[in-house]
Amino acid sequence: MAEPAISAACETNVQWPFGLVQDAWNYSIDAWQRSILFLDVLEQRSAKYYEHAAKVAPHVLKFSCELVLDGRELKKPVNYVLARIIPPDGKKPDKFKRPFVIVDPRAGHGPGIGGFKPQSEIGVAMKAGHPCYFIGFLPDPVSSQTIEDIAEAEAKFLEHVISLHPEADGKPAVIGNCQAGWAVMMLAAARPELFGPIIVAGSPLSYWAGAPKQNPMRYTAGVLGGTWTTALLGDVGNGKFDGAWLVSNFENLNPANTLWSKHYNLYSKIDTEAPRYLEFEQWWGGHVLLNAGEMQFIADELFVGNKLSSASVRSSNGNLIDLRNISSPIVIFCSKADNITPPPQALNWIIDLYDSVEDIRAHGQTIVYAVHESIGHLGIFVSGSIAKKEHDQFANNIDLIDTLPPGLYEAVMTPKDPDDPTADLILGDYLIRFEARSLDDIRELGSNSEDDDREFATVARLSEINLGLYRTFVQPWIQTWANESSAELTRRLHPLRMQYEFFSGANPFIRSLASDAVRLRENRRPVSKDNIFWQMQEWFGDWMVLALDAYRDARDDAAQAWFHAIYGSPFLQAAVGLRASDEIPRLRVGDDPAHHALVEKKIAELKQRLADGGPREAVIRALLYVRMPDGAVDERGFNLLRRMRDETGKGLNLAAFKQILREQFLMLLLDERRAVAAIPEMLATDPDLATRMKGKLDRMIELVGVHSKLARERLAEVEALFENEDITTLPAKQAAISTSRNSRAEKRH
């Protein structure tokens, strides 16, 4: 940030003593009024906090909803619920469109961030005509629930949603925000048949990954000596972990905002900022509880163990949770400005699990990612601009995403040009295209070296040792004296909760300001922005941000230096067993012989069916063949394909359409020349339909265009195939050959 400076106009004003006195008088009145009104807003915040906490099911959804299923009534009860979002103004969703299910994170805050504003994930999905459901949770967990129990409950919720929409063209699209992202991915790996496209927004899936000096949160476990502190807080909480500790970790990342900026912003804009501030603080301060066992699983298996990205998490029946089992398209949305879930943590599970894009295709997976340049972590969920652009495009093009051929893509969005002749094929305000990417593109966003992985593996080993020591020598004593009364007292004394207590109406000083605030609002005298003392206030505010940012950078640099010094020590690594072999410390997923056998069988079947199909399959194959060199797919081509499906598909549903697209793509990958050579034979099965489909292909190429030299050469080749005069006579020739063969067979018989 640039050095704060007082404007030249104000420096000139200093030369006039009477002007300076007048500025001082005006500023003192304004500052006094702002201070009273500021404290009044903090009192309102406290009142809203206690009012919100007193609700049975507190949430911040801005949409009406109705309870569909209560997780507390399941065989294995959990504190999760399924709610149906009621469309505003009585509008009914399209019964043929797939439902959207939004799952909010249980990471210290209450539910509702996915529908926090009219322009939100829920809002854009309903605008696109989709039925919407919301999976939320209550503040207190069921004492016996586990992470696996929650996954089973969410599976039942999805089963119920599917049963409610039998005519929907596709399985539910599921959005997992932040911590809900890894939960959704784990469930999709265990129950892939329940899911349509999956959107994970700001979701950490590879916890060790990150860039030096940019992502300090990943060093926290090492600085604390592992997850024994998680167990300690769970024991002090009498078996429950206070989510306020998670929230405080987020706040510690940016002390300038936590300690100064957000409150100074309210103070300096007290006449306009209060509604927005109070709205956000209602969600930010809605602290919830987790079972100690739930939080311990998250810390041990995911945060420190990093087992999800290496397929090392096991269910209670011993099955490994392997993200490669997910059969639905996966959309990952992250931001370079997100210091809680940076792009490496959101994306590096891909390079952990796969050796190449061909490996991704062999598993039949479609992975799409979008990287924002500047939005922060919370902006991914609550920013109106993000909802209008990224989430709106994902919702409008969810069927296109569902039909993308297997591979790795980046979603690129450009503003829609109203003068574009293809504008009617663009559903939103942006044109979205999906450009093919390689694993090197993921690595360029940041990845660990082998030494980095060894250090994090050392943390994981030491964490296990320290946790074992704590459970053996300390935990029995803590659990002996801990009870619900002491747990409730420690929660009330948490610094994040104490601020609400201090500024509440229970404080006599704060309570006495209420009448003053009403009177001051009626007699506000805001100071001019040209006032020298206002400029000095702004200068001081900028200086505070600089100072707190400097403290943050020094703190983070010291933590990183300590981390590398301690866990990079060959002695410590040897002491925990990591120098006993030359193996790479990060677990790598091995090849599955059964999967390879299945892939080989599928390849053989596809090669035998290269000439199967009719004009519809031939046109799709031809289009894929022409477009493959450009390495991009956009919504215009798909929307025209969808129109072709409606006109010529004869009731073909999206699943069957998706199957055709994927099979034609794979056939081209397996044997491109034979697949292309078979096109005339496929067209000849129905010459009339082939002629009509040829017109559709010409229209699509005209709209979308081809860009590379190779693509233009392929287009000429395809046009020659479609104009082959033998197409119209081939059926008769084949029939004659078949009759002749049958006649000779009869004579031999």
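## Close-up views of a predicted model

Asparagine 238 is placed in the loop between α7 (228-236) and β7 (240-242). The structure shown in these views is a predicted model.

Figure 1. Most residues other than glycine have a negative phi. Asparagine 238 is partly exposed, its relative accessible area being 33%. Cysteine 178 has a relative accessible area of 5% and is buried.

**Figure 2. Alanine 292 is in contact with Gly234, Gly239, Lys240 and Phe241, leaving aside its neighbours within four places in sequence.** Alanine 292 belongs to helix α11, which spans residues 292-304. Along the chain, alanine 292 and phenylalanine 241 are 51 residues apart. In the model, the C-alpha atoms of these two residues are separated by 5.1 Å.

**Figure 3. Helices α9 and α10 have axes that come within 9 Å of each other.** Helix α9 comprises residues 255-268 and helix α10 comprises residues 274-284; their axes cross at roughly 150°. An angle over 145 degrees counts as roughly antiparallel, and α9 is therefore roughly antiparallel to α10. On the α9 side, the residues that meet α10 are Lys262, His263, Asn265 and Leu266. On the α10 side, Ala274, Arg276, Tyr277, Glu281 and Trp284 take part. Sorted by class, this contact has four nonpolar, two polar and three charged residues.

**Figure 4. Helices α19 and α25 cross at roughly 80°.** The axes of α19 (residues 450-473) and α25 (residues 532-567) come within 9 Å. Angles of 65 to 115 degrees count as roughly perpendicular, and the two helices are therefore roughly perpendicular to each other. From α19, the residues Asp452, Glu455, Phe456, Thr458, Val459 and Leu462 meet Phe563, His564 and Tyr567 of α25. The contact of α19 with α25 has five nonpolar, two polar and two charged residues.

**Figure 5. Helix α22 has a buried side and a face turned away from that side.** Which residues of α22 (residues 495-502) are buried? They are Leu496, Arg497 and Tyr500. These residues cover an arc of only 95° around the axis, so they lie on the same side of α22. The face turned away from this buried side carries Pro495 and Phe502, which are exposed.

**Figure 6. Histidine 391 is a buried residue of relative accessible area 4%.** Histidine 391 has its place in helix α16, residues 384-396. Residues up to four places away in sequence are not counted in the following list of contacts. Histidine 391 touches Glu121, Val124, Ala201, Phe333, Ile380 and Ile386.

**Figure 7. Lysine 658 is located in helix α30 (residues 654-670).** Is lysine 658 buried or exposed? With a relative accessible area of 17%, lysine 658 is buried, because the cut-off for a buried residue is under 20%. Its contacts, leaving aside neighbours within four places in sequence, are with Ser327, Pro329, Asp402 and Thr403. Lysine 658 and valine 184 are 474 residues apart along the chain, and their C-alpha atoms are separated by 23 Å.

**Figure 8. Serine 64 is found in the loop between α2 (17-53) and β1 (65-70).** The relative accessible area of serine 64 is 48%, and the residue is partly exposed. Not counting residues up to four places away in sequence, serine 64 touches Arg84, Ile85 and Ile86. Between the C-alpha atoms of serine 64 and proline 216 the separation is 39 Å, and these residues are 152 apart along the chain.

**Figure 9. The mean pLDDT of the protein is 87.** A pLDDT of 70 or more is reached by 91% of the residues. Over residues 1-12, the pLDDT is below 50. This stretch has 18 contacts in the model beyond near neighbours in sequence. Where pLDDT is low, the predicted coordinates should not be read in detail.

Notes: Residues numbered from 1 in each chain as written. Predicted model: local features only at pLDDT ≥ 70, side-chain atom pairs only at ≥ 80, totals over all residues. Heavy atoms only, no water. Axes fitted to C-alpha atoms, helices over the stretch in contact; angles between N-to-C directions. Helix = DSSP H or I, 4+ residues; strand = E, 2+ residues; numbered from the N terminus. Parallel < 35°, antiparallel > 145°, perpendicular 65-115°, else oblique. Contact = heavy atoms within 4.5 Å. Nonpolar A, V, L, I, M, F, W, Y, C, P; charged D, E, K, R; others polar. Buried < 20%, exposed > 50% of the residue type's maximum accessible area, 1.4 Å probe, protein only. Arc of directions from axis to C-beta. pLDDT = per-residue confidence, 0-100.
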